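Take a look at the chain below. This report walks through its helices, its salt bridges and one patch on its surface.

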Amino acid sequence: MSTPVTTLALGPDWLAPEWLISTFGLLGILAIVFAESGLLIGFFLPGDSLLFTAGLLVADGRYITYPLWLVCLLITIAAIAGDQVGYLFGRKVGPALFRRPNSRLFKQENLLKAHDFFERYGARSVVLARFVPIVRTFTPIVAGVSRMNYRTFVTYNIIGGVLWGTGVTVLGYFLGQVPFVKTNIEFILIAIVGISVLPIAVELLRARIAAKRGVTPQERAAAEAAIHETREH
């Protein structure tokens, strides 16, 4: 017997994964994955919880009647294509993006977070960012702005797209068949969101600690040099 997949208040009702899937189906999932993977306006869309719920609903036979392998394949392709568009957008716009004023759907702080993430992890950030909300959207754009080697980007993009698009969906498919998960899906989704935003919370905590102790002249000089180098690019 099917178990309702309801969610607690993780945001507006129209962003609830089950509502999105029941309303727009598989095409809606693909559009959201594509937008969240590389379009500036996609950072607020659900990612991990959407894929987990998609896998669960495939196992449950509701809303999505396609086989798991096809769902995973299409989601992975959408994720890879989204990152490709983000990378090309970053290459075309370049450093001018860092001077773009804030708006309702664009915040410089989100771009700078992705830039710091990219600087810290290099090419690996294209894979790692898949599992970090907001950073996931802006990292391919930063990679394009930084003119990361295209072949290298494509390689890591494919790896990240497969691990995230297929991995999270398959996880939802198999865990969704566990009775405890099916009866506590609201809390499971909250846990997924909590785990995915944990890296951001850690970074905010580190930034607050650094602000309290103050910035040394050496750190300030290094930060200004990095900003100057980015603009000169």
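## A surface patch

This is a predicted model. Start with Leu171, which is found in helix α7, residues 150–175.

Leu171 belongs to a nonpolar patch on the surface, together with Leu175, Val178 and Phe180. The four residues have about 340 Å² of accessible area together.

## The overall fold

The chain has ten helices and zero strands. Of its 233 residues, 43% count as buried. The chain exposes about 12,400 Å². Carbon and sulfur atoms supply 66% of that area.

Residues 24 or more positions apart account for 79% of them.

## Annotated segments

An unreviewed UniProt entry lists residues 66–90, 153–175 and 187–205 under "transmembrane region".

Residues 153–175 are 100% helix and 0% strand. Here the end C-alpha atoms are 32 Å apart.

## Salt bridges across the chain

The count comes to five salt bridges. One of them joins the side chains of Glu18 and Arg62, at 3.5 Å from N to O. This pair links distant parts of the chain, 44 residues apart. Glu18 sits in helix α1, and Arg62 in the loop between α2 and α3. Both Glu18 and Arg62 are buried.

Another salt bridge joins Asp48 and Arg136, at 3.4 Å from N to O. Asp48 lies in helix α2 and Arg136 in helix α6, 88 residues apart. Are these two residues buried or exposed? Asp48 counts as buried because its relative accessibility is 8%, and the cut-off is under 20%. Arg136 is buried too, with a relative accessible area of 2%.

Asp83 forms a salt bridge with Arg130. Their closest N and O atoms are 3.3 Å apart. Asp83 is in helix α3, while Arg130 is in the loop between α5 and α6. The two are 47 residues apart. Asp83 has a relative accessible area of 2%, so it is buried. Arg130 is buried as well, at 1%.

Salt bridges can also share partners. Glu18, Asp60 and Arg62 are joined into one network in this way.

How values were computed
Residues are numbered from 1 along each chain as its sequence is written. This is a predicted model: local features need pLDDT of at least 70, side-chain atom pairs count only at pLDDT 80 or more; totals for chains, interfaces and linings use all residues. Side-chain values use heavy atoms; hydrogens and water are left out. UniProt positions are given in the numbering used here, feature names are shortened, and annotations may be inferred rather than shown by experiment. Helices (H or I, at least four residues) and strands (E, at least two) are DSSP runs, numbered from the N terminus. Patches are made of residues with over 30% relative accessible area and no salt bridge: like charges are joined within 9 Å, nonpolar side chains (Val, Leu, Ile, Met, Phe, Trp, Tyr) within 5 Å. Accessible areas come from the Shrake-Rupley method with a 1.4 Å probe; for residues, only the protein chains shown count as cover. Buried means under 20% relative accessible area, exposed over 50%, partly exposed in between (1.4 Å probe, protein chains only). Contact means heavy atoms within 4.5 Å.
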